[in-house]
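Subject: Structure handover

Hello,

Here is the structure you asked for. Please look it over first; my notes on what was found in it follow below.

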Amino acid sequence: MSEKFRALVLNTAEDGKEVLPEFKDLSINDLPEGDVLVRVAHSTLNYKDGMILNGLGRLVRQYPHVPGVDFAGEVVDSSDARYKAGDKVILTGWRVGESHWGGYAQMARVKADWLVPLPDGLSTEQAMAIGTAGFTSMLAVMALEEQGVSPDQDGEILVTGAAGGVGSVAISILSHLGYRVVASTGRPENADYLKHLGASDIVDRAALAEAPNRPLLSERWLGAIDSVGSTTLAHMLAEMKYHGVVAACGLAGGPDLPATVIPFLLRGVRLIGIDSVLCPYERRVRAWQRLVTDLPAKRLGEATETVPLSAVLPYGEKILKGGVRGRLVIDVA
Ligand code: NDP
């Protein structure tokens, strides 16, 4: 195939440190090995994409590199029996966009094992409005449910990093399911937006960011979905109700956890880790099905902005500063 397509290619500068982005025309032969060739329609911007675009975290070890950890599009060619030309597919995780070329290109070639079929009821744009961030929110909600948390229990669910991607989608799903949701944000100007998504209350993230001054604080939360980590996670652990459940998703506030084990021992608090990258196929499919039924399309639309691939770079810097609200879709086609 001699077809040319547009791609964002990262290279390192001569000092080997600075990452230099460039929009280029590539051909199919430039793509890495894989069993399915996909024409990418939409990608997205996650926090991790921001890190990769700015050369942070040593996530990419080999350049030239095409970033974009998520994409959705249509199969052009497949040597794997599970997929044929014309099938619509989604890719999130598996370190695509990090150790394998990703979705900031109009074509991608990947392993069939990494794909899931686009579920009925979602467009490629909606799938990328969800993206890794929204998929992670669904996994976190499923984790709370599996631990016995339900909307008919008395109590509130805390969502931190609320105005970000994981937070915005988590609030939308939880409120649709009938939970009472409290959103923690450092951007009070987004209070109306968060209430519109379904938060019944807003708390200032500064209050939660203080390390707890005692191993146990007053019982406050039935469950929590945390994008922040560090002292914020330590603080909420000390505030969980008896048998409360925290789904730990992210580290926007830092990777450390300066906590004591007392909430686990005296209140039976449960801390569940959420990993979207290596999540097994069956669970992935289940989560995507749940996103069709339990995430209202209208709320998702309200939390999403779409920009062309040519405009992605400034957003990569913005997301690292906590400056992107909700979800950003990249129109690649
Ligand atoms: P976003 O940047 O969209 O959202 C993060 C939010 O966290 C911000 O919007 C902001 O919310 C808040 N925040 C930012 N900086 C700080 C800070 N210093 N202290 C406290 N809060 C802060 O990112 P995503 O939603 O895409 O990802 C959220 C986190 O989840 C990231 O750490 C990401 O790496 C992780 N993640 C993990 C996955 C997994 O598989 N476990 C998958 C996807 C993401 P506000 O303005 O409302 O305060």
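Helices and strands in these notes are DSSP runs, numbered from the N terminus; a helix (H or I) has at least four residues and a strand (E) at least two. In that numbering, the residue W94 lies in the loop between β5 (88-92) and β6 (107-110). Please keep in mind that this is a predicted model.

Backbone

W94 has a phi near 60°, which is a positive value in a residue other than glycine. P64 sits in the loop between α1 and β4 (70-78). For comparison, most residues other than glycine have a negative phi, and most peptide bonds are trans.

Domains

The chain splits into domain 1, made of 4-118 + 303-331, and domain 2, which covers 132-273. Their C-alpha centres are 30 Å apart. Where the two meet, 11 residues of domain 1 are in contact with 14 residues of domain 2. On the domain 1 side, the residues touching domain 2 comprise three nonpolar, five polar and three charged.

From the record, UniProt (unreviewed entry) places "domain: Enoyl reductase (ER)" at residues 18-330. That span is 32% helix and 27% strand, and its end C-alpha atoms lie 24 Å apart.

Ligand

Which residues come nearest to the ligand? Of the 31 residues around the ligand, they are G161, A163, G164, T185 and G250. Both domain 1 and domain 2 contribute to the shell, with at least three residues from each. Three helices, α1 (47-53), α2 (124-146) and α3 (165-177), each supply at least two residues of the shell. By class, the shell around the ligand has 13 nonpolar, 14 polar and four charged residues.

Helix packing

Besides supplying residues to the ligand shell, α2 packs against helix α8 (residues 281-294) at an angle of about 95°, with the two axes 9 Å apart. Angles of 65 to 115 degrees count as roughly perpendicular, so α2 is roughly perpendicular to α8. On the α2 side the contact is made by I130, G134, F135, M138, L139 and M142, and on the α8 side by A287, R290 and L291. Sorted by class, this contact has seven nonpolar, one polar and one charged residues.

Regards

Note on methods:
Residues numbered from 1 in each chain as written. Predicted model: local features only at pLDDT ≥ 70, side-chain atom pairs only at ≥ 80, totals over all residues. Domains from an automatic or database assignment. Contact = placed C-beta atoms within 7 Å. Nonpolar A, V, L, I, M, F, W, Y, C, P; charged D, E, K, R; others polar. Near = placed C-beta within 6 Å. UniProt positions renumbered as here; feature names shortened; annotations may be inferred. Axes fitted to C-alpha atoms, helices over the stretch in contact; angles between N-to-C directions. Parallel < 35°, antiparallel > 145°, perpendicular 65-115°, else oblique.
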